[in-house]
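Reader: Could we go through the salt bridges in this structure? Please begin with the terms.
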Amino acid sequence: MQYDNGGDLLVAHLKSLGIDTVFGIVSVHNLPLVEAVDRELRFVPVRHEATAVNAADGYGRARGSIGCALTSTGTGAGNAAGSLIEALAAGTSVLHVTGQIESAHLGGGRGFIHETKDQLGMLTAVSAYAAAVGSARDAGRLLREASAAALSTPGGPASIEWPIDLQYAPQQDTGETVTAAPDPVPTPAALAAARELLASARRPLIWAGGGATTARDELLALLEATGAGLLTSNSGRGSVPEDHPLVIGNFATTPPCRTLLAEADVLLTIGTHFRSNETADYGLELPAAHLQIDVDRAALGRVYPAPHALHGTAAAVLPALTAAARRADADWTARVKTVREDVRATLHDNIGPQAAVCDALAAVLPRGAVVARDVTIPSSSWGNRLLPIHDPRANVFPRGGGIGQGLGMGIGAALARPEQPTVVIAGDGGLAVHLGELLTVAQERPRLTLIVFNDGGYGVLRNMQDTYGERRSGVDLFTPDFAALAAACALPYARIASQTDAAPVLRAALAFDGPTLVEVDLDALGPMKNPFTPPVTIPAA
């Protein structure tokens, strides 16, 4: 195939992936790409390159596919790096195309505008795949290789740097396909031993991570065949809808779940990283009889011993286990259901007046609608656990733990699924990291409700300092007048200052066919019953 320039080639490739919306910032070093995308697809001009990647990430998560971000070279690519780290940590599929200076000046060290030292090395460090376009014959093949790498398991972002002279050049694409590596398959002996162990279980538990989200039907069949309890990591939420009576959810470190884990005779874990914040800094104890399924060989036994390690995809392995499974003891299944209700009731009570916000959201959100959460107290305390998730594509959260990424992810998700409302839960501190993206919301007018929990700073770290220290450092911040800020951005505004405000305010916001900024005034609403501190270890003096 012949294309007039790199922009036309990129558009053809994006159409083949089903991508209709691209996020980025225009530059002299990506102009042909942006112009072609804006002509043929939808180009969303975000206000920071980090948001371009976050929005592409959220777009891909909400659609269960891949998103695309365009950035400039040098500083622009560097600005994107933090968000590429998030996509890498989460294993989410992002195609990141960044510019590069003219081929003739590469590596010359002349201080060419936008030049940086070893940009490809930087991109390699924060991407699952990174490559440089070296000629007008390479670009099509590299775009296909990058997209295949991003979409493969365990996935992650793929970055292409493209010199500007080669973007303008006519493109010759040979169109050769990229051959995907075959999925791994457990050995017959390993699978037979796992089947025998699971068949012996009378008190089984299952722990679903992100690797379970592509095997939803298979997981549900196993869960119902066994009567086991289902714990999840944050990434595994929605693998089975969370209103299912056997889904305990993202509560593994709570006392009732620790007791279940101590008494379980078999634990099956599926595609989970056992992140530090979900295992009490790896202090959570798991049963010795541990079956672990993961498509990433390096993950097997990496955090917890896995005497029965199954290297394969969940979709392929779970049916073989289900065929051999037997029903759990009836009293065990009854205990699972009791624990499910107990941990939710306890958390609901502990969050005090914020429970009204959680309840109102749960009541008004359409089933499967995206809830994008930034790293903030409401997200970490109840948004990641108590607010029900019924579809993994609705579960959009920065899994690497960086603040300020939630709004960008929410913008991407809202534009990926315009037929449904999208909610973003953010704190005032995290929102300030990319406050300029309110202008993107004002310009693009997605159906997005931004809920800002305003406590005048970094509440999580403030609570840590109040609990473990003698003074506060860097946590109390100036906060804008959100009503005036919303007016300046031509955004509708509402305020929740009491529990009775929550339902009517959120019902009206989610019914609106456009964006709304909702401020939750935490001083007026009142404190949680128990202040939230993150599950991190503070070294003793």
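Author: Buried means under 20% relative accessible area, exposed means over 50%, and partly exposed lies in between (1.4 Å probe, protein chains only). This is a predicted model, in which local features need pLDDT of at least 70 and side-chain atom pairs count only at pLDDT 80 or more, while totals for chains, interfaces and linings use all residues. Residues are numbered from 1 along each chain as its sequence is written, and side-chain values use heavy atoms, with hydrogens and water left out.

Reader: How many salt bridges does the count come to?
Author: The count is 24 salt bridges, each being a side-chain nitrogen of Lys or Arg within 4 Å of a carboxyl oxygen of Asp or Glu.

Reader: Is Asp138 buried or partly exposed?
Author: Asp138 is partly exposed, at 22% relative accessibility. Its salt-bridge partner is Arg141, at 3.6 Å from N to O, and Arg141 is also partly exposed at 27%.

Reader: Which residue does Arg144 meet in a salt bridge?
Author: Arg144 pairs with Glu176 at 3.6 Å, N to O. Arg144 lies in helix 6 (residues 139–151) and Glu176 in the loop between strand 8 (171–172) and helix 8 (188–200), 32 residues apart. Helices (H or I, at least four residues) and strands (E, at least two) are DSSP runs numbered from the N terminus. Arg144 is buried at 19%, whereas Glu176 is partly exposed at 33%.

Reader: Which residues are joined into one network?
Author: Asp455, Arg462, Asp466, Arg472 and Asp476 are joined by salt bridges that share partners.
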